[in-house]
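Here are some notes for your review. Please read them with the model open.

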Amino acid sequence: MTVARTICLGFLILIGIGTTLLLLPFSTATGEWNEFVTALFTATSAVCVTGLIVVDTGTHHSLFGEVVILLLIQLGGLGYMTATTFLLILLGRRFGLREKLAIQKSLDLGGLSNAVQLVKSIIALTLVFELMGALFLYPVFSEDHGEIYGAWLAVFHSISAFNNAGFSLFEDSLSQYATSLPINIVIPFLILVGGLGYQVMMELFAWGRDRLRGKRVHSYFSLNFKISTSTSLFLLVLGTLALFIIEYRNSSLFGNFSLSEKLMVSWFHSVMPRTAGFNSVDYGQFTTTGLLLTIALMFIGANPGGTGGGIKTTTFRIWYSCTKSVLRSREEVLCYQRQIPNSLIMKAVGVVFASGVTVISVTSFIAFSDPDIDFMQVLFEVVSAFATVGLSTGITASLSILGKLAIIVTMYVGRVGVLLLISALLGDPKPRVVTYPEENLLVG
């Protein structure tokens with residue numbers, strides 16, 4: 001039982017428990033037993049913080065079912081090892097090298113130092129931001145749905161947003177709040193903070209703490225911080241402007257919105273591919289160009305170490321830096337005057353290649369099993385599932401059983417990480433005692 005297998009098995013256990021609970025009559029609004037594929041799909045989507053659904057969450061499930069889904073989202077967002085570590089901390093258990101290695105691999109840490117302390121900080125930050133989000137969302141929802149149900153809506157959507165899950169209790173997601181300024185500020189803020197990455201948040205916290213204490217020590221942000229924040233900001237600005245320009249004349253999408261409201265909607269749907277599945281307009285009305293742009297943003301995803309999915313912004317930036325180095329005839333890959341290690345370059349190549357193969361394979365399978373569905377919609381759905389986004393053009397419920405099972409597997413692979421899953425299947429690599437000679441070949 002290697003570390004990779006422990007993590008992968010942990011997510012499977014959570015999915016199994018969630019499926020069992022959602023099968024019970026207590027979980028449905030009608031009081032009847034839930035369908036197995038529906039329960040499995042919903043549990044996988046919640047644990048993998050994806051947000052794709054085959055039934056409407058608010059009308060199909062009872063309050064018990066909604067609570068189960070919310071708990072699965074919280075545990076899935078934190079990650080199996082983080083949640084387990086926190087439980088062991090509460091029980092007073094000491095941590096050995098194996099547990100610290102598992103935390104390191106789960107959170108993609110660079111070292112083992114302060115791993116347990118980082119888990120405590122993650123739990124504290126999660127609770128603080130989710131509570132703040134619920135408090136800011138409460139006035140909006142309580143005005144339309146009453147104090148008690150409004151409070152539940154605020155808590156549910158705050159946790160769902162921070163964990164980049166995208167589950168909503170409204171049948172049309174957040175379409176009725178498309179022009180609501182508080183919703184367009186609070187929900188994207190929670191999504192961005194959750195997808196920022198815990199290491200980035202801890203650096204920001206340390207920087208702010210030093211400034212409040214009056215320390216004049218110059219802060220040196222890590223390379224991970226610089227790449228994550230700058231790439232995220234670039235993608236947000238690019239996505240907002242590109243969507244605004246592409247869909248500006250789309251009357252079926254932006255027809256009833258003013259200029260400021262069009263910008264607001266473009267901003268909202270530039271954040272969602274980061275990777276949360278809320279929507280304030282119908283993605284089925286997007287143009288082909290708009291869908292392609294969203295697919296690209298979903299595939300890149302959020303920052304490493306956060307609640308989002310995708311190949312991650314750092315992987316994208318390494319590929320960009322590699323291309324720039326090749327064009328400038330450099331043998332080393334530089335970023336912010338730092339050289340990227342060859343091991344990270346190889347990992348980035350492996351992540352993108354394995355991710356691309358997964359998306360192409362699943363898309364081809366669903367295109368074969370569901371030939372009546374448009375190919376662009378299938379590709380959009382598969383990338384959304386792999387990047388644990390949860391956005392859809394509306395075809396999820398109409399997929400065949402084979403199509404739904406393929407999406408379930410894709411969500412799981414995207415959440416645990418394709419390289420981690422391969423490592424779990426193959427086991428730990430054995431040390432190599434033979435070194436082979438180099439030889440050149442033609443490339444490009």
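1. Start with Ser168. This is a predicted model, and in it Ser168 sits in the loop that links α8 (147-162) to α9 (181-196).

2. Is Ser168 buried or exposed? Its relative accessible area is 7%. The cut-off for buried is under 20%, so Ser168 is buried.

3. The side chain of Ser168 has two partners worth checking on screen. One is the side chain of His157, with a polar contact at 3.0 Å. The other is the backbone nitrogen of Phe170, which the Ser168 side chain reaches at 3.2 Å.

4. Which residues touch Ser168, once neighbours within four places in sequence are set aside? They are Thr57, Gly58, Phe156, His157, Ser173, Leu174 and Phe278.

5. Now turn to a helix pair. Helix α1 covers residues 3-23, and helix α18 covers residues 401-416. Their axes come within 10 Å and cross at roughly 135 degrees. Angles over 145 degrees would count as roughly antiparallel, and 65 to 115 as roughly perpendicular; α1 and α18 are therefore oblique to each other. The crossing of α1 with α18 is right-handed.

6. What meets what between α1 and α18? From α1 come Cys8, Leu9, Phe11, Leu12 and Ile15. From α18 come Tyr412, Arg415 and Val416. By class, the residues of this contact are 7 nonpolar and 1 charged, with no polar ones.

Key: Residues numbered from 1 in each chain as written. Predicted model: local features only at pLDDT ≥ 70, side-chain atom pairs only at ≥ 80, totals over all residues. Heavy atoms only, no water. Axes fitted to C-alpha atoms, helices over the stretch in contact; angles between N-to-C directions. Helix = DSSP H or I, 4+ residues; strand = E, 2+ residues; numbered from the N terminus. Parallel < 35°, antiparallel > 145°, perpendicular 65-115°, else oblique. Left-handed = near helix turned anticlockwise from the far one by under 90°. Contact = heavy atoms within 4.5 Å. Nonpolar A, V, L, I, M, F, W, Y, C, P; charged D, E, K, R; others polar. Buried < 20%, exposed > 50% of the residue type's maximum accessible area, 1.4 Å probe, protein only. Polar contact = N/O pair within 3.5 Å; in protein donor to acceptor, adjacent residues only side chain to side chain.
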